[in-house]
Amino acid sequence: FHVNEADANMALLPEGVDPAEATMITDMMTTGFHGAELAEIKLGDTVCVVGIGPVGLMAVAGANKMGAGQIFAVGTRPKCVEVAKFYGATDIISYKEGSIGKGVDKVIIAGGDINTFEQAVKMVKCGGVIGSVNYLGSGDYIKIPRVEWGVGMGHKKIHAGLTPGGRLRMEKLASLVSTGKIDLSKMITHKFVGFDNIEPALMLMKDKPKDLIKPVVI
């Protein structure tokens, strides 16, 4: 690979950090934590994380590290529920059982579609913040419910954007791993060895079996 501006974009892996776990830093961890940053998590905030795939799990961890109190995680896959609890989720909500709730300080959107924003606006308190790191690949419009938006007077903010990267951010996130502040091994459910296994690993990503979080090819 040729990497432009290598000094700004490539970080040295701290000694003792498993390279397999380090792959989570450069994508899942930085994105999930960015969701918590966009939501402006403060000490004691009640937070709802919508979607607990790999990014959502890291959003749970990020909210927890930033001082959230009660953390609701919305999802149903048993393995993801187990790991969400490990990373700090205090309550699990199934979106298959109706409304996913209301009355939280902050919402992190890490899954769903254009309709998820409507639910997020309804559940966040006046003065609350919604942070979204979810890629919206279809649909023309996002609906914002007028009344639950506070008829324009509710001071409900939506922050959405692409996660930052670069050497400095990677080094800061890696320090959380090297100092034992976060265990990324829980993110890796399937390990493969050798380039011949790239296709089977990618097929796992496509098929999404219930016990999958992330595969890594060594």
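Biologist: Which class does Ile 198 fall into: buried, partly exposed or exposed?
Modeller: Quick caveat: this is a predicted model, where local features need pLDDT of at least 70 and side-chain atom pairs count only at pLDDT 80 or more, while totals for chains, interfaces and linings use all residues. Residues are numbered from 1 along each chain as its sequence is written, and side-chain values use heavy atoms, leaving out hydrogens and water. Buried means under 20% relative accessible area, exposed over 50%, and partly exposed in between (1.4 Å probe, protein chains only). Because its relative accessibility is 35%, Ile 198 counts as partly exposed.

Biologist: How much accessible area does the nonpolar patch with Ile 198 have together?
Modeller: Patches take residues with over 30% relative accessible area and no salt bridge (a Lys or Arg side-chain nitrogen within 4 Å of an Asp or Glu carboxyl oxygen), joining like charges within 9 Å and nonpolar side chains (Val, Leu, Ile, Met, Phe, Trp, Tyr) within 5 Å. Areas come from the Shrake-Rupley method with a 1.4 Å probe, and for residues only the protein chains shown count as cover. Here Phe 195, Ile 198, Leu 202 and Val 217 come together on the surface with about 410 Å².

Biologist: Through which helix does the chain cross from β7 to β8?
Modeller: Helices (H or I, at least four residues) and strands (E, at least two) are DSSP runs numbered from the N terminus. Strands β7 (residues 188–192) and β8 (residues 214–217) pair in the parallel sense over four bridges, pairing needing at least two DSSP bridges. This β-α-β crossover is right-handed: with the strands pointing away from the viewer, the path from the first strand over the helix to the second runs clockwise. Ile 198 sits in the helix in question, and the chain crosses through α7.

Biologist: And which residue in β6 is the bridge partner of Ile 130?
Modeller: Strand β5 (residues 124–132) pairs in the parallel sense with β4 (residues 104–109) over five bridges, and Val 107 has Ile 130 as its partner there. β5 also pairs in the parallel sense with β6 (residues 157–160), over four bridges. In β6, the partner of Ile 130 is Ile 158.

Biologist: How far apart are the C-alpha atoms of Val 129 and Glu 40?
Modeller: Val 129 lies in β5 and counts as buried because its relative accessibility is 2%. Leaving aside neighbours within four places in sequence, Val 129 has contacts (heavy atoms within 4.5 Å) including Leu 38, Glu 40, Val 107 and His 159. Val 129 and Glu 40 are 89 residues apart along the chain, yet their C-alpha separation is 6.9 Å.
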